[in-house]
Protein chains: 2
Amino acid sequence: MIFDIHILGSGSAVPKLHRNPTSQYINVLERYILIDCAEGTQLQMQKYKVKPQRLQHIMISHLHGDHYLGLVGLLSSMHLNGRTKPINLYGPPALQKIVFDQLHYSKTTLAFDVHFTPLESKESELIFEDQCIEVYTIPLEHRVYCNGFLIREKDKPLRINKEVAMKMKVPVAWMHRIVKGEDWVKEDGSLIPNSDITLPPVPNRSYAYCSDTRYAESMLSIIQDATLLYHEATFLEDKLDRAKKTYHSTAKQAATIAAKANVSQLLLGHFSARYDTTEDFIKEATPIFSNVKAVEDGDKYSI
Amino acid sequence: MIFDIHILGSGSAVPKLHRNPTSQYINVLERYILIDCAEGTQLQMQKYKVKPQRLQHIMISHLHGDHYLGLVGLLSSMHLNGRTKPINLYGPPALQKIVFDQLHYSKTTLAFDVHFTPLESKESELIFEDQCIEVYTIPLEHRVYCNGFLIREKDKPLRINKEVAMKMKVPVAWMHRIVKGEDWVKEDGSLIPNSDITLPPVPNRSYAYCSDTRYAESMLSIIQDATLLYHEATFLEDKLDRAKKTYHSTAKQAATIAAKANVSQLLLGHFSARYDTTEDFIKEATPIFSNVKAVEDGDKYSI
């Protein structure tokens, strides 16, 4: 039951040799999703051995270059490498124009369809779902229109308590009704409450990606109880003024959001290029939220 | 008297970890010129320690992604790193729209001016000159409108033959007239021919960049006698059909151009990602033109 987050880039704005700007490759139950696609993302994929042709969805948070400038190159390379399978692209409306203008000028007709979903709502919306997962936008507060993304498993069925069920000799034919919540009505007409025979479902796992944003409690209701939260921490508290001015967050603010949202684990990223190490980010966040890591390019987190 | 070509990228189309798509950083007499700017070029500059803020000119050959997709990121980083000095940008007219549309959507106002020169002529034209150098376009034959660039030193003055001048006691006051070609008229009215006192000027050095193009003898008159020619060799002769179809050249064709143009040295580049080594390119070119090298990312050639 794979739910992996590969960090392809964890820096902000200006690329560095050891830290590329933002991109994440997510494998959730063999659904392959790219969140953001900075310049150089296709090379990061080669470096970290993840497969671009598997991608089914590309979700772009906002139109700052460090989150999307690698997209046209990635699509072109997919085309040159023989892709014919369609891909779903999500982002602000102008993204479609940016991509297709450039393909037009280069006289490139992609051999695969790009199904574009414009994101422009200021409310959270469901942008993808199938049998197993659903993806919601997380409206963020940034200098330009920006969304995070919440990827979660769908509600799972109740589990049969096998020990009890065997002892009580529950007929196999009843099982599919019991896992949906029905009580068991025995042949003699007596009723066994559902809760006597079942265990709660395996908890839904979820991943919330929140970058770029200033401190915004408006996201709390959407990311509440998430298993893993990635929250940008462009600055430390001593640059709080700069964070406010540029609509970014500090490590302390990210930790505060994690604590208030009651998430299980916090990842910090999108570090300003001015910082060479991340120790101080962890020091600043830990007193507020202790289960915290600072990501590096190439890291893989399994939920 | 620096005239250096730094190869920042020497591949075509799909980026590879060991070979980025096209970009070259040129220092000619402390004029700094970038030719083409593929995705990842700004990182290549960091890797090979050349300084983006020194650039005065960026020249884009054509609007295929592997020649310009790094441009918006490069300009943005220059801005974020505090550039205020203007820059000159040359390329097909749509380049201006591509760049400024993206800056507009990201709400970025560069803190420096970009002086854009649209290139659309099918004839070679002078696009830049100052006291010491001049730059001409080299119209190429590709699937989309495309120019190479010829960077050459301007004609230099005659040199005084010091030994002769001392022996003949040529007055210092006459020197600046003699280097311009005047004969020396002595005080007694007798005339010493200019050629008796001077040596020919130091030869002009020149660099011709020709990528992307199919075999095109139309460029010969422009690149004739160039000191150094960079000519694309996307394929080997066994892929001649593919070269023709995609408006690219083979190593043999590049060597043929070099021989016919009587250049001093040939550099091959823009290799298709299908080739892992360049030995066969050299083998194919050498019988036709022997002073040939296959470039690698990070190479520096001094003229």
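Figure 1. The model is a predicted one, in which local features need pLDDT of at least 70 and side-chain atom pairs count only at pLDDT 80 or more, while totals for chains, interfaces and linings use all residues. Residues are numbered from 1 along each chain as its sequence is written, and chains are lettered from A and ligands numbered from 1 in the order in which they are written.

**Figure 2. The contact between chain B and chain A.** In this interface, 30 residues of chain B are in contact with 30 residues of chain A (contact: C-beta atoms, placed from the backbone, within 7 Å). On the side of chain B that touches chain A, at least two residues each come from α1 (41-47), α2 (71-80) and α3 (94-105) of chain B. Helices are DSSP runs of H or I with at least four residues, strands are runs of E with at least two, and both are numbered from the N terminus. This side of chain B is made up of 13 nonpolar, 12 polar and five charged residues. Here Ala, Val, Leu, Ile, Met, Phe, Trp, Tyr, Cys and Pro count as nonpolar, Asp, Glu, Lys and Arg as charged, and the others, Gly among them, as polar.

Figure 3. Strands β7 (residues 126-129) and β8 (residues 133-139) of chain B run antiparallel and are joined by three bridges (strands pair if DSSP finds at least two bridges between them). B:Leu126 has B:Tyr136 in β8(B) as its bridge partner.

**Figure 4. The domains of chain A.** Chain A is assigned domain 1 (3-156 + 202-297) and domain 2 (159-199), with bounds from an automatic or database domain assignment. The C-alpha centres of domain 1 and domain 2 of chain A are 43 Å apart. Chain A has 11 helices and 18 strands, and its C-alpha trace spans about 75 × 50 × 35 Å along its principal axes.

Notes. Two residues are in contact if their C-beta atoms, placed from the backbone, lie within 7 Å.
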